[in-house]
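Please read the numbered points with the model open.

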2 protein chains.
Amino acid sequence: MAKSDNRLKAELPRGFADRSAADIRAMDAMLARIKTVYERYGFEPVETPMIEYTDVLGKFLPDADRPNEGVFSFQDEPSTSGAPDVRRQKSSGVAEVPKDERWLSLRYDLTAPLARYFAENFERLPKPYRSYRAGWVFRNEKPGPGRFRQFMQIDADTIGAASPAADAEMCMMAADAMEALGIEPGQYVIKVSSRKMLDGEMEAIGVADPRQRLTVLRAIDKLDRLGVDSVRALLGAGRKDESGDFTKGAMLGHVQIEHLIGYVTALVRDGDTSARDSVIEVASKTKTGVRGLDELEEMTRHWRAAGFARDRIRIDPSVVRGLEYYTGAVFEAELLFDVPNEKGERVVFGSVGGGGRYDGLVGRFRSEDAPATGFSIGVSRLLAALKALGKIDTAAIAGPVVVLVMDRERIADSQQMVTELRNAGIAAEMYLGSSGMKAQMKYADRRNAPCVVIQGEDERTREGGPFVQIKDLVLGKQLSETVADNVAWREERPGQFEVPSADLVKSIHELLERQSGGPEQ
Amino acid sequence: MAKSDNRLKAELPRGFADRSAADIRAMDAMLARIKTVYERYGFEPVETPMIEYTDVLGKFLPDADRPNEGVFSFQDEPSTSGAPDVRRQKSSGVAEVPKDERWLSLRYDLTAPLARYFAENFERLPKPYRSYRAGWVFRNEKPGPGRFRQFMQIDADTIGAASPAADAEMCMMAADAMEALGIEPGQYVIKVSSRKMLDGEMEAIGVADPRQRLTVLRAIDKLDRLGVDSVRALLGAGRKDESGDFTKGAMLGHVQIEHLIGYVTALVRDGDTSARDSVIEVASKTKTGVRGLDELEEMTRHWRAAGFARDRIRIDPSVVRGLEYYTGAVFEAELLFDVPNEKGERVVFGSVGGGGRYDGLVGRFRSEDAPATGFSIGVSRLLAALKALGKIDTAAIAGPVVVLVMDRERIADSQQMVTELRNAGIAAEMYLGSSGMKAQMKYADRRNAPCVVIQGEDERTREGGPFVQIKDLVLGKQLSETVADNVAWREERPGQFEVPSADLVKSIHELLERQSGGPEQ
C-alpha cells in the first residue's frame, strides 16, 4: 500500500469523487429549487442516518447468512475508544469486548430507511405522511463512467394513501420540479404505467416465483438499451455481453418468452396508436391488469383537473422500472433532448428519475396496511442535464479581494485592511504564503479575485498618505489586450489606481459595483 | 432478528438518529450563517466522499494487519450487481469474483480526507489553499447520551501557510462565526495555546514515544472533566471509572508524573496572573517551548491589528486538544454560559469546536512541506447551545393549506383548487387519505395548516355559487377559548367564512397575511 519511498498514494477508491466549489454551488442551487416545489406541494423534510441494520434495509440474505454483496456492510462492534491501545476490561480483570453481531449497512436508497422511519414513528406521524429528503446513498457495485458508488438522490414520498390521486400528484410534482429548473415541456416528459399490467401478464403465463419475476422485470427494463434479442436471451438461459461477462437469465420456456416478447414489443410503441389498444387488450385479460388500467384512468382525471397536458405527463406502457418492490403505478422522468455520447453520437438524454407505488414495504414492520408512493431524482444526472441545457450558471464566482503582503514587518497593516473590508461585508483575505510579489499576483488570479490591494513603503509614508494601490484584475485583463508591449504595460499599469487608505472600503465597493455591472447585491 | 410474528422491528442501531423537519431547518439556517462568515474570509467550499482507503485516513494498523476499531471499515469487493442471483463469470465459465483486498473506511473526521485531496490535487490548487466543508463523520465507538456514531462537522482549513497569521485568522473567523449566530462576547471565548509548549515539556522529561505522548495528551485533555487525581492515575498505570471499566495509562514514572502535574496545575489557572509567568518559565526551558511562545505572540499581534480583544480571543495554556496530529497552535471555542445537566445542576456549556496547526498530515503523501491549520465545529453541540440561548426560532413553521375531500366523486374539484393555490405560490395539498371529515380536520391540525378549504354539495350548487368555506385554524383556536359550549361552537363556527370559489386564492393570501401579522413574504 505504501510506495517505495514510504509515502502513501493520495487517491480515492474507484467510484468515489470529490466535489469542487462550482459543483457544490450548482447542486445546492438545483436542490433548493426542487425543495421549493416539494414544499409548495405540502411535503416536509425528514432525514435518516446513512447507516441502518442490514435486515431492516432488506439486504440480509438469510440463506447465505450474510448481507447482499451490493451493499457496504460491517458488523456492529463498537469499541470504547478510537485508540488502538485502550481496551475495556470488566472489574473481574478478564478482557471482555462487548459485541453486537448484528450486521449494519450503508443505505442503498432512501426508500427502505423511510419505511423504517414511518413504521418506527407510526403513532405520532400525521397520516397520510408526506415527506421529502435529499441524501447520499451507497452501492458496492462495479463503478464505471458516470456510475458512482456514492451518489445523491432527492426523494418525495406519501405513505398511508392508497388513492391513485397520490400517484398522480407525484407525477405532477416531478413535472413542476423539471420546469422550476428551466426544463420545458417538450424537453422532458413524465411517462407513467402500472406494474399491475405486467404482473397480470406474468400471472397469465404462469410466472409466479418472486425472484423469477424480478429477473423478468430487469430484463424488460433493459429493452431500450440492449434491444429485443438480448432481452429474449435474458428471459431465457442468459446472455454474454461484449466483455465476455455472463448474466444468468430468467429461465423461462420458449412459449412464455415469445408471449412476453409479443407484449413487450407492443409496449415499446407509442401508447396512443393501435399499440395502445393491443396493450389494453392484453392487460384486460386478468383482474390484476384491469386494476392497473383503472388506476391509470383515475390518475389521468387528476392531471386533467390540474391542467397537465400530454406534453408534460403521459401514459406510456413501456415504463417498467427494475425494482422488485413496486406494486402499482410506475413513472419515469425522461429528458427528450439529444446530447453527444462518448463516441460523439447524438443520443436522447434519457431518464433522470423515477418512482412508483410500493404498498408492501412498510408491512415488513407492521401488521397494518401502509400503502405508499414516491418519486426519486438522481441528482448528478439531472445536474449533468442542466449543464447540457445551459441552465446552470457556469461563470466562475468572484473570489475574495486579496491584500498583498509587501513587507513582512508590516503584516499587521495588511491584517487591518482585510479586517476593514470584511467588516464591511466584502470577502477579503491577506496573502498567507511566503512567496514574492509575482507569485502573490498569480495567486490572486487563481482565486479569481476581483482586485488586489497593495501598500508598499512609498504609499505608506508619502506625504498626504497613507495611500493604497488597488489593481482591478478584471479591467486589467481587458486593457492588457490593447497594450502594445511590456514596457508600455508597466508604465500604464492598466486598471491600477491609488486612493487614500481611508477610502479603501468605499473604493472597493465602487469597483465591485462596476464589475457586476450594477449596484452590489 | 425477526420477531415471533415474523415482522422486523423498525429501529435504528444505537448511536444513530433521524432528523425532523425542525432539526433540518435549524441546522441549515445555522450552517448558512457560518458559511457566510467563512466566504467573507475568502474560504471556498470543497467536499470529499464519505468513504476513503483506510490507510489514507491513517486508520490502518500495520502491526495488527487490520483497521483501527474506532472506524467503520470494510474490504473493497465490488460485485457486478446488487442482485443475489447474478454472478459474473469469465468466458472460461469458471466463476471469478473480482476482488480488491484493500480496506475502506467511513471517514472519521474531515481533516484526513482534506489532506488526501490537497496532495492529490496539489498542482492545480492555489497555494495557500483555503477551503471549508460541512459533512457527516462516523465513529465506531460506544454511543452514549449526546454521543453519536454519525455526526456533522463544519471545518475550515488553510493548507500551505506556515505563518502564525493563518492560525490567528482561524481564531478570528471562529469568533466571527459565533457572533454571526448571535452568541456575544462574554457568552463565548476562543482559547488558544500551542502544542509546542507541552511538547517541549515532554521533551524535557524524556517522553519521546509518540503513542506514549498521545496517551499523555489525552490524559491532560481530561483534566477539566476528571480532576487532578484521575489525570495522575492516567499518566501512571491507569484508571478504573465508576462503571468498573479500566483505561490503561501512559505508564510514566513517579518523577515524570509529578513534573507534568506541576506543569498542568499551573496551566489550569488563568493565563494572566502569576500562573502565566510560571507557564512561560516552564515553556522557556526548551527550544520547542520557546518557539511555541513566539508563535502565540505573533498571533496576538494579528488579533490586536484586527481589533479582537481578550473577551473574544485569549491565550489560555490549559488548552491541549486530544488529537495526536497537532504540531503548533491549538484552539478551542468555549461557551461560557450555564446550562442544566442531566442532574439539574448548572454547568458551563463548554467546548463547541476546536482546531489547530497540523503540519505533518499532508507530508504522509508528498515530499514537499505543506504546513496546515484548521478549525472544526461540532454542529449538533453548537445547535444545542443556540437552542439553550433561545437563538433558534423554535416556533413551528406553518404547514400547507389543506383542501378537504367531502365527496370522493368530486375529488377532481379539490384537485383543481389545490392546483390554483400552488400555482399562486401557496403551499397546499388535497387530503389523500380515506377517512371522514373529523379525521381530515385532525390531519390539518397535525400538519399545522393555516386553514382548511371545504366545498360540500351546498357550496357547489347554491345559487350565485360555487362557493368555498375557509376555516382559519389559528383564529379558530383563539376564538374557541371564548366560546361557552359545544352547541354555541357549532353555531358560531369561529374563524370560518365563505367566499366565492373565484376568490379562493385572494382570500387565502389575505388570511396568510393576517396570520403572519403583515404582508406575506
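1. Glu39(B) and Arg25(A) form a salt bridge through their side chains, at 3.0 Å from N to O; the term denotes a side-chain nitrogen of Lys or Arg within 4 Å of a carboxyl oxygen of Asp or Glu. Glu39(B) belongs to helix 1 (residues 21–40) of chain B and Arg25(A) to helix 1 (residues 21–40) of chain A, so the pair joins two chains. Helices (H or I, at least four residues) and strands (E, at least two) are DSSP runs numbered from the N terminus. Glu39(B) is partly exposed at 28% relative accessibility, and Arg25(A) is partly exposed with a relative accessible area of 25%. Here buried means under 20% relative accessible area, exposed over 50%, and partly exposed in between (1.4 Å probe, protein chains only).

2. This is a predicted model, in which local features need pLDDT of at least 70 and side-chain atom pairs count only at pLDDT 80 or more, while totals for chains, interfaces and linings use all residues. Residues are numbered from 1 along each chain as its sequence is written, chains are lettered from A and ligands numbered from 1 in the order in which they are written, and side-chain values use heavy atoms, with hydrogens and water left out.

3. How many residues does each chain bring to the contact? Chain A contributes 121 residues and chain B 122 residues, contact meaning heavy atoms within 4.5 Å. Between them the two chains bury about 10,800 Å², with 55% of it on carbon and sulfur atoms; buried area is the accessible area (1.4 Å probe) that two parts lose on being put together, summed over both. Leu8(A), Arg422(A) and Leu432(A) supply 7% of the area that chain A buries against chain B, more than any other three residues.

4. Twelve salt bridges are counted between chain A and chain B. One of the salt bridges in the model pairs the side chains of Arg19(B) and Glu47(A), at 2.8 Å from N to O. Helix 12 (residues 411–423) of chain A gives the most to the side of chain A that touches chain B, with six residues.

5. Over all chains the count comes to 70 salt bridges. Within chain B, Asp63(B) and Arg211(B) meet in a salt bridge at 3.6 Å, N to O. Asp63(B) sits in the loop between strand 3 (60–61) and strand 4 (66–67) of chain B and Arg211(B) in helix 5 (residues 210–221) of chain B, so the pair ties together parts that are 148 residues apart in sequence. Asp63(B) is exposed at 68% relative accessibility, whereas Arg211(B) is partly exposed at 44%. Shared partners also join Arg130(A), Glu169(A), Arg422(B), Glu429(B) and Arg447(B) into one network of salt bridges.

6. The structure holds 23 aromatic pairs over all chains; rings of Phe, Tyr and Trp (its six-membered ring) pair if their centres lie within 6.5 Å, and planes under 30 degrees apart count as stacked, over 60 as edge-to-face and the rest as tilted. Tyr117(B) and Tyr129(B) make a tilted pair, 6.2 Å centre to centre with 35° between the planes. Tyr117(B) lies in helix 2 (residues 111–120) of chain B and Tyr129(B) in strand 7 (residues 129–138) of chain B, so the pair ties together parts twelve residues apart in sequence. Tyr117(B) is buried at 4% relative accessibility, and Tyr129(B) is buried at 2%.

7. Which residues do ring pairs link into a cluster? They are Phe16(A), Phe72(A), Phe74(A), Phe16(B), Phe72(B) and Phe74(B).
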